[in-house]
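The stops below follow one another in order.

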Amino acid sequence: MRAYLQKYTSAAPLAAFRALFGLMLAISTGRFVALGWVRELYISPRFFFPFYGFEFVKPLGESTYLLFAVCGISALLVAIGWHYRLASIALFLSFTYIELIDKSTYLNHYYFVSVLCFMLVFLPANTLFSVDARRNEALRAGQVPAWCVDSVRMIVCMLYCYAGIAKLNSDWLLEALPMKIWLPAKNDTPLIGPLFNHLETAYIFSWIGCIYDLSVGFLLWNHRTRPFAYASVVVFHLLTSLLFPIGMFPYIMIVTALVFFPAAFHQKIIDRVGRLLAFPPGAIRSAAHYRFPVWLQPVVYAIFALFFVFQITFPFRYLLYPNELFWTEEGYRFSWRVMLMEKAGYTQFTVTDATGKRQIVNNNDFLTRLQEKMMSTQPDMILQYAHMLRDHYAAHGFTQPHVYVDSYVALNGRTGKPLIAPDVDLAQQNDSFRHKSWITPFNNEIKGL
Amino acid sequence: MKKYFALLLTLLFLGCSSGSDKPGPEPADEGKDRSVMLKALAENIIVPSYDQFKTKFDLMAEKSKAFTAKPDAQALGEFRNAWAEAYIAWERVELFDFGPAEKQTIRNFFNIYPASEAGIAANITDPTSSLEVPASYPTQGFPALDYLINGLGANDTAILAQYSTDKDAAKKLAYITRVIARMESLLGKVMSEWKGEYLNTFVSKTGLDIGSSTSLMVNGLVLHYERYIRSGKFGIPSGAMANGIPAPEKVEALYIKNMSQILAQAAHSAYVDFFNGRHAVTGEAGPGIKSYLNALGAKDSGTGKPLTESINAQFQVAAAKLGVLKPNLYEEVKTNNQAMKDTYTEMQKAVRMLKVDMTSAMSITITYTDNDGD
């Protein structure tokens with residue numbers, strides 16, 4: 001381990017990754033604003049679903065635009081490597097804050113971006129090919145500790161591998177669900193559309209998808225298989241972007257996977273672009289070795305050790321819960337479970353009180369379409385919403401209101417059934433990491449991990 | 001040679017019969033081809049249903065002219081009968097609230113009830129009042145005509161007096177003409193679009209993303225069942241939805257009294273027929289939502305029961321509850337409201353299946369916001 005920690009490698013892959021990743025995030029942020037999603041998702045809604053333990057993250061109203069400005073500008077600063085340390089901290093905090101405002105916008109790829117931003121805060125990604133290196137000769141270094149580059153590769157590997165492990169279940173492999181449902185929806189795609197009508201295609205997609213996820217990280221790491229693995233990354237992600245509405249994620253993955261390429265590849269790009277931008281040679285290539293400040297080094301080691309222990313174990317927390325993970329979603333998020341389920345739900349809340357008041361709630365009075373859709377299939381959000389309704393009606397003439405929900409949820413083509421016990425007063429229940437006993441048992445089995 | 005021919009014919013015959021015996025699994029691509037489904041729905045159901053409605057509507061317009069020309073008891077009776085038949089036929093097209101009908105928001109101008117008596121009175125006084133703004137919805141269409149020909153007096157004599165001896169008689173007659181002209185113009189727009197370019201657009205936009213035909217249609221259909229059949233006809237009048245307070249005056253066709261259940265039945269059976277792809281003229285089942293869901297193999301993984309069977313079974317339960325109600329739902333709310341609420345409850349179960357099971361099996365996102373209950 002000690003020998004590994006003292007191993008050095010070219011800084012080029014990390015620098016190139018920083019530049020590309022920052023650029024992608026800047027584009028992504030700009031796109032988000034341009035599509036009007038800031039208002040739609042973070043300003044217009046009446047109510048937000050904060051994450052458990054992060055209730056202090058509040059929506060910012062019109063200032064959300066400011067937050068996005070900070071995020072976009074810091075992403076650009078990270079890309080060009082100007083005031084890099086400060087910019088990377090601002091990027092991590094602003095991006096993560098945005099993602100924590102409302103659970104209904106949760107996407108694994110946003111979490112992945114947050115995770116990468118967190119790592120960039122500590123990594124020496126600005127020692128080459130950056131404005132900082134251009135201005136500050138003392139900062140320039142062509143060699144960084146090998147673990148700095150490897151940790152980025154490692155997290156990419158883990159993302160794929162965990163996404164593959166999540167597919168090792170009977171619905172995915174034996175029933176070709178949800179592919180069987182999703183593919184026929186695309187049977188009018190030019191050329192390949194008719195293929196999607198066949199069950200075989202759904203099985204092939206499921207199995208290839210699973211094998212791909214499980215193996216591609218390692219194949220990218222191995223220099224012999226790398227060109228094929230990278231080609232498959234490009235094809236796979238372009239195909240998914242064609243078939244499913246998953247925004248920037250495919251492109252971010254295509255760019256991120258470049259980090260596996262050898263230093264010479266990145267150095268060539270940096271040389272070329274650097275010359276174009278009239279970088280001094282020392283800021284493009286350097287023989288210097290980057291060294292963490294003595295006081296900081298053990299801290300960074302500790303943070304990264306803890307970080308990886310967390311990353312490795314956290315996705316398995318679902319094992320601590322009874323009942324079916326896909327049904328209860330206890331331990332579902334932050335675990336690289338991507339595109340695994342077709343889940344749809346319908347909820348109707350009734351608020352009553354001891355004085356005989358009774359109101360059937362129209363969800364659209366309180367929630368946006370997206371929020372209602374997300375809430376209807378996720379028990380923790382149902383509870384948060386029930387509490388919101390309790391407080392709302394308590395303020396509007398109900399005395400100690402009771403909140404009940406009539407829910408109906410369909411998972412992977414199974415006929416819908418109640419997700420929540422209809423006779424449980426949700427106003428009295430509290431959220432915690434403990435199992436939610438008021439979730440109706442799934443009464444069906446999805447075998448596997 | 002003859003023998004060979006006979007053998008060939010036999011084989012051919014066998015081949016045909018074994019193929020046509022089972023109406024069951026069509027070739028996968030055929031059943032899942034949304035353009036086939038959309039074309040059949042448009043040509044076999046939507047357009048002919050509009051044609052059928054137009055015939056009834058034209059008759060009503062004709063009878064209304066006769067009535068406004070000579071408002072006597074016989075003309076009133078004929079107008080009323082033609083109105084009732086047109087109203088029933090309307091229930092068989094109201095569900096097509098996507099494409100041209102959605103663009104023209106024809107439902108808002110044809111069947112928003114209860115009618116606003118004050119609004120109608122104001123419009124009668126002021127013939128230049130707008131019939132385009134949302135506030136004018138309950139002052140026109142079938143509900144307004146219901147009020148005008150069934151609700152203006154306690155009996156026919158009193159109603160006829162409104163159109164003959166009353167000081168505003170001429171204005172009232174003019175308002176009938178105005179309401180019918182407005183309906184005619186809107187219907188004309190919707191129908192000419194269906195018979196023109198829109199048909200191709202409808203059939204060719206085969207995607208399932210927001211804005212494509214199937215998605216628009218399914219969204220419109222689920223909304224129709226949820227808000228306009230379940231809530232409008234049962235949930236709201238019975239009070240099953242808001243605070244449990246019955247509102248019998250909110251039934252459809254309030255003034256004629258003995259038609260609300262018949263209209264609800266027409267709407268419900270039209271809905272079931274559309275779901276099953278039944279030809280509007282021949283009644284034969286063809287490509288439609290049912291065949292598409294079957295081709296997708298949508299079924300309960302536990303019991304293996306096809307989803308379309310479950311949905312049809314629930315439709316039947318709801319139709320049975322609806323079938324035993326008396327024609328006058330106003331009276332039913334007042335005297336037999338539990339039966340109204342039971343109908344609502346069974347319809348609610350169908351809503352869940354349509355909104356969750358069906359859309360999930362089809363991979364369609366529900367994009368409309370439901371604003372009922374207030």
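**Stops on the tour**

Start with residues 6-265 of chain A, which an unreviewed UniProt entry lists as "domain: HTTM-like"; such annotations may be inferred rather than shown by experiment. The end C-alpha atoms of this span lie 23 Å apart, and the span is 64% helix and 2% strand (DSSP runs: helices H or I, at least four residues; strands E, at least two; numbered from the N terminus).

This is a predicted model, in which local features need pLDDT of at least 70 and side-chain atom pairs count only at pLDDT 80 or more, while totals for chains, interfaces and linings use all residues. Residues are numbered from 1 along each chain as its sequence is written, chains are lettered from A and ligands numbered from 1 in the order in which they are written, and side-chain values use heavy atoms, with hydrogens and water left out.

Next, select Arg34(B) and Asp188(A), which form a salt bridge with the closest N and O atoms 3.2 Å apart (a side-chain nitrogen of Lys or Arg within 4 Å of a carboxyl oxygen of Asp or Glu). The pair crosses between chains, from helix H3 of chain B to the loop between helices H10 (179-182) and H11 (199-221) of chain A. Arg34(B) is buried at 1% relative accessibility, whereas Asp188(A) is partly exposed at 30% (buried is under 20% relative accessible area, exposed over 50%, partly exposed in between; 1.4 Å probe, protein chains only).

Finish at Trp194(B): leaving aside neighbours within four places in sequence, its contacts (heavy atoms within 4.5 Å) include Ala42(B), Tyr50(B) and Phe202(B).
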